[in-house]
Amino acid sequence: MDVNDDACCQDERVALKFIASKLAPAYTGQPAWSIRTMPTSTPAFAHLFEPLQIRGKRLKNRIMSSGHDTSMPTDNLVNEQLIAYHRARAEGGVGLIVLQVAGVHDSARYTSHVLMATDDACIEGYRKLAQTCHAHGTVVLSQVFHPGREIMESSDGLLAVAYSASTVPNERFRVMPRALDQAMIDEIVAGYAAAARRLHQAGIDGVEVVASHGYLPAQFINPRVNRRTDGYNGELDQRLRFLREIIAAIREATDEQFIIGLRICADERDPQGLTEDESLAAVKRLQSQLDYVHIVAGTSASLGGAVHIVPPMAIEAAYLAKEAGTFKASLNIPLFVTGRINQPQEAELILARGQADMCGMTRALICDPQMPNKTDTGRAEDVRACIACNQACIGHFHKGLPISCIQHPETGRELIFSERKPTPHRKRIMIAGGGPAGMKAAAVAAQRGHEVTLYEASSQLGGQVLLAQLLPRRSEFGGASTNLQREMELAGVRVIRNTRVDRALVEREKPDLVIVATGAEPYWPAFERGGELQVVDAWQVLRDEVQIGRSVVVVDWRCDWIGPGIAERLVRAGHQVQLAVNGTHCGENLPLYVRDQLAGELHKLAVPITPYARLYGCDDNTVYLQHTASGEPMLMENIDTLVLCQGHQPVDTLGDELQGLVEFRRIGDCLAPRTAEEAIYEGLKVAWEL
Ligand SMILES: Cc1cc2nc3c(=O)[nH]c(=O)nc-3n(C[C@H](O)[C@H](O)[C@H](O)COP(=O)(O)O)c2cc1C
Ligand code: SF4
């Protein structure tokens, strides 16, 4: 349906325009869209807040927090941190929480911190969690899970014995599994039933069987992974036998009120993965045993497929809506969909079009637990929209750390940063710098009752976010700035632009405290320069301040977004570009799914990448690099321009000026150049402690 289509109702037209204004913003080199420059008329959210009945349960709205591993459990059990995390989302009004995967068998430990439901000791924690969410009217299910061959790591560092339908290896973790024998299949099926029985006993409302992302049930369905010669392979019905046994055993172990859903990928987006036709055929045959089907995309088995497990901002918002519509039209049970639905308007549109019955908005809720309540009370404009950066949510998970959010550092730290306590000592606070650190500090300090004025030296708030959003397919990063600006506005922060804070200004204003958040500038390392080769830095390129030569070398020390982004931007502008990275590979410091999406793009553009490269020097037309492991020279000849992506150095002269004059604190990059995550966290922390 098109925005101008006559069949399109008024509500839909508003929502369509909203989405058209931001979906997959084509890279133009222009400043990014901003969440707050979208149409101001809030579409009605009639579909989003329509209750949904499943078995005996009434889901109060169509917003779901889909199962996501938090890395929070201790000893593989629910703990207070996990309860506090979900309490925040339940208080925020979410209709359905699907709890993270619960391992059903000892061989299901895909990470060392996975929740396990293999022992009655789990019941008490689940009971508290269920009671906490139920108190806010939220229905709670739990994923039940066996990863099969998808084993990521183990608690003791030893490689586990992994199991699958057949002896077919996983490419991503390089695991060669054992084929399950009948006795072990029976044991695992019994494990699903026992886990469901425990969850039922704990008061959890149902389970979602995870057959998505190439995990064990999908390994049975997939004919390229299932090479068995027994009754579990052959036609689709035989390949579904394992799942049918699981679902039947769960029903047997619980009761008729217990919800049983199935998560499956509409398309695993991998040459060896399940196709849309295969998945659709599978769920059509299983639906009589199920209460709902929940579709996602991707597979854990390959790097390219795994990108879709938590799709980064380079992938367009609500991108599974069409596939959801196809599945919904073929099924007679409710259809749930999850994947980059980051704003309530998108969810409303999917529901209004009849493409799904429930929308997973997982990172949207990690980023703003209050999103449902804000939307329901006419404050959709105040929602802090997730920008799909993947830095602190899945980024932390992949490091084995509790998940958080770069924009909302309170996530995962609910036991520390709970309710904002008003200050008993109102202070006049001056904030120097309108980047992420300064803006977060300003918003939180003002929310706590301080009198806050933020000064920005330039005409625009945002600091380095203004540059980061100019990298290809990263325009959505600009949302971090617009969200913070809105937080400041709501908190009543006074903002003064085009004014640099110096000692004289502080002497005039006489604040009680200055928060120094003056950021950073590009770092130019010392290196041999024996000629006239043009040398520029990444910021000059992004700001279009320099005329770049035809043949370019980009030297990337940080191995983050900047080097590859500059390389891509210049290739797309017609330059011949080589990328030299200091790490073992391009994007070594990036969240994994961001890295792999980026690696795919650079490969398509045929950008040559040299790893282990340290900048040594340059002359008229040659860039000299040194291999960081061998120490041997590496030469890049016939070069016109060298672009430095060598990190940043603090801009901290104000701190020196204020010594002895006034109490002050440094936060963010002026303290030590890092990322927006640390900057925003330090903004929160400093304001919390005032
Ligand atoms: C930190 C994190 C951990 C996740 N772990 C799981 C998991 O254990 N099981 C699962 O099925 N999906 C997992 N997911 C995927 C989410 O359920 C969801 O499909 C994904 O975040 C995309 O939805 P969104 O765009 O609404 O965030 C995880 C996602 C995140 C962010
Ligand atoms: S860290 Fe980034 S992707 Fe994750 S929830 Fe926050 S804004 Fe969204």
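The entries below go through the cavities and then the ligands.

I note that this is a predicted model, in which local features need pLDDT of at least 70, side-chain atom pairs count only at pLDDT 80 or more, and totals for chains, interfaces and linings use all residues. Residues are numbered from 1 along each chain as its sequence is written, chains are lettered from A and ligands numbered from 1 in the order in which they are written, and side-chain values use heavy atoms, with hydrogens and water left out.

Entry on the largest cavity. I looked up cavities, each being a set of points, on a 1 Å grid over the protein atoms alone, where a 1.4 Å probe fits but cannot get out, with lining residues having an atom within 4 Å of a point. The largest cavity is lined by 41 residues, and Gly67, His68, Arg263, Ile309 and Val310 lie nearest its centre.

Entry on ligand 1. I found that ligand 1 sits in the largest cavity, where sitting means that more than half of its atoms lie within 2 Å of the grid points. There are 22 residues around ligand 1, and Ser66, Gly67, Arg263, Arg340 and Arg363 come nearest; a residue counts as near if one of its heavy atoms lies within 4 Å. A polar side-chain atom of Arg263 lies 2.4 Å from an oxygen atom of ligand 1, while for Ser66 I read 2.7 Å from a polar side-chain atom to an oxygen atom of the ligand.

Entry on ligand 2. I listed the residues around ligand 2, among them Arg363, Cys386, Cys389, Cys393 and Cys405.

Notes:
Polar contact = N/O pair within 3.5 Å; in protein donor to acceptor, adjacent residues only side chain to side chain. 1 Å grid on protein atoms, 1.4 Å probe; cavity = no way out; pocket = protein on both sides within 12 Å on 5 of 7 lines; lining within 4 Å.
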